[in-house]
Amino acid sequence: MISETNKNLREYLRSESVVVHKTKESFGGLSNMAAGFPLRINGFRVPTSEALYQACRFPDLPDVQREIIAQHSPMTAKMKGKPHRRATRSDWDNVRHKVMRWCLRVKLAQHYKEFGRLLLATKEKPIVEQSRKDEYWGAILMQDGETLMGENVLGRLLMELREALKKDTDEQLRFVPPLRIPNFTLYGEPIEAIGAPGATTFSDEPQELGEQPPLL
């Protein structure tokens, strides 16, 4: 159900958008649930960007982080965190889009050619994650079978990254600085930078999503 009081909802036409829905579809690799894009954080292998995002909810519970990251299935990784939701970091609602932005940055940095190719193949179209019930990260298909409604924060972060990638002639996006939030840790240790720094880096603190007309 779509919230009638949510003023941040956006409307997309399915036929005019790149819709991320099933991981086996053409653009399924853009999904956090997609296999084939393992990550390495602080020397540890993390199977998917979904597992990494979910682990970041629990910096004070390294054993829960290990359990999440040990799962082969990204959906199972997500479910493993559910019993511990009360221990989610207290500022999660304020930082979760920053954490997701960072996860996508890491995915691009460590799979620059393949993930970058997918991003650029979307050209100028809106990228929309179709969801059954999540109007924050994605958008929900309406009864007409064509209109998608939601905040589509994940899709907008992907569009933001796509625009940065288009300008990344020196491949500076292969470097990802640690996210500038308190207690950004994995297994009790501060999360380190990804890659080697170049002359410039893509800021982890861009404008608010709603203030970026080229993306939307």
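## Ser 17 and its neighbours

Two residues are in contact when they have heavy atoms within 4.5 Å of each other. Leaving out residues up to four places away in sequence, Ser 17 touches Tyr 12, Lys 125, Pro 126 and Val 128. Keep in mind that this is a predicted model.

Where does Ser 17 sit? You'll find Ser 17 in the loop between strand E1 (10-13) and strand E2 (18-20). Ser 17 is also buried, because its relative accessible area is 10% and the cut-off for buried is under 20%. Look at its side chain too: a polar atom there lies 2.8 Å from the backbone oxygen of Leu 13.

## The whole protein

Now zoom out. The protein has six helices and nine strands. Out of its 216 residues, buried ones make up 51%.

## Phe 37, a loop residue

Phe 37 is in the loop between E2 and strand E3 (39-41). Is Phe 37 buried or exposed? Its relative accessibility is 8%, so Phe 37 counts as buried.

Not counting residues up to four places away in sequence, Phe 37 touches Gly 29, Pro 47, Thr 48, Lys 107, His 111, Glu 114, Phe 115 and Leu 118. Pick out Glu 114 from that list: Phe 37 and Glu 114 are 77 residues apart along the chain, yet 9.1 Å separates their C-alpha atoms.

## The largest pocket

How do you find empty space in a model? Rolling a probe the size of a water molecule over the atoms shows where empty space is left. In this protein, the largest pocket holds about 890 Å³ of space. Its lining has 28 residues, and the closest to the pocket's centre are Met 33, Met 75, Lys 78, Ser 131 and Asp 134.

Sort the lining residues by type and you get nine nonpolar, eight polar and eleven charged.

## Two cysteines, no bond

How many disulfides are there? The count comes to zero. Check Cys 56: the closest cysteine sulfur is in Cys 103, 5.0 Å from the sulfur of Cys 56, and that is too far for a bond, because a disulfide needs the two sulfur atoms within 2.5 Å. Cys 103 is in no disulfide either, as its nearest cysteine sulfur is that of Cys 56.

Are these cysteines buried or exposed? Cys 56 is buried, with a relative accessible area of 7%. Cys 103 counts as buried too, at 0% relative accessibility.

Finally, have a look at the backbone of Lys 123 and Asn 152. Phi of Lys 123 is near 55°, a positive value in a residue that isn't glycine. For Asn 152, phi is near 55° as well, again positive in a residue other than glycine.

Lys 123 is in the loop between helix H5 (112-121) and E5, while Asn 152 is in the loop between strand E7 (147-150) and helix H6 (153-166). Which of the two words, buried or exposed, goes with each residue? Lys 123 counts as exposed, at 60% relative accessibility, whereas Asn 152 is buried, with a relative accessible area of 0%.

How values were computed: Residues are numbered from 1 along each chain as its sequence is written. This is a predicted model: local features need pLDDT of at least 70, side-chain atom pairs count only at pLDDT 80 or more; totals for chains, interfaces and linings use all residues. Side-chain values use heavy atoms; hydrogens and water are left out. Helices (H or I, at least four residues) and strands (E, at least two) are DSSP runs, numbered from the N terminus. Buried means under 20% relative accessible area, exposed over 50%, partly exposed in between (1.4 Å probe, protein chains only). A polar contact is a pair of N or O atoms within 3.5 Å; within protein, one must be able to donate a hydrogen and the other to accept it, and residues adjacent in sequence count only if both atoms are side-chain atoms. On a 1 Å grid over the protein atoms alone, a cavity is a set of points where a 1.4 Å probe fits but cannot get out, and a pocket is an open set with protein on both sides within 12 Å along at least five of seven lines; lining residues have an atom within 4 Å of a point. Grid points are joined across faces, edges and corners, and a volume is the space filled by probe spheres set on the points. Ala, Val, Leu, Ile, Met, Phe, Trp, Tyr, Cys and Pro count as nonpolar, Asp, Glu, Lys and Arg as charged, and the others, Gly among them, as polar.
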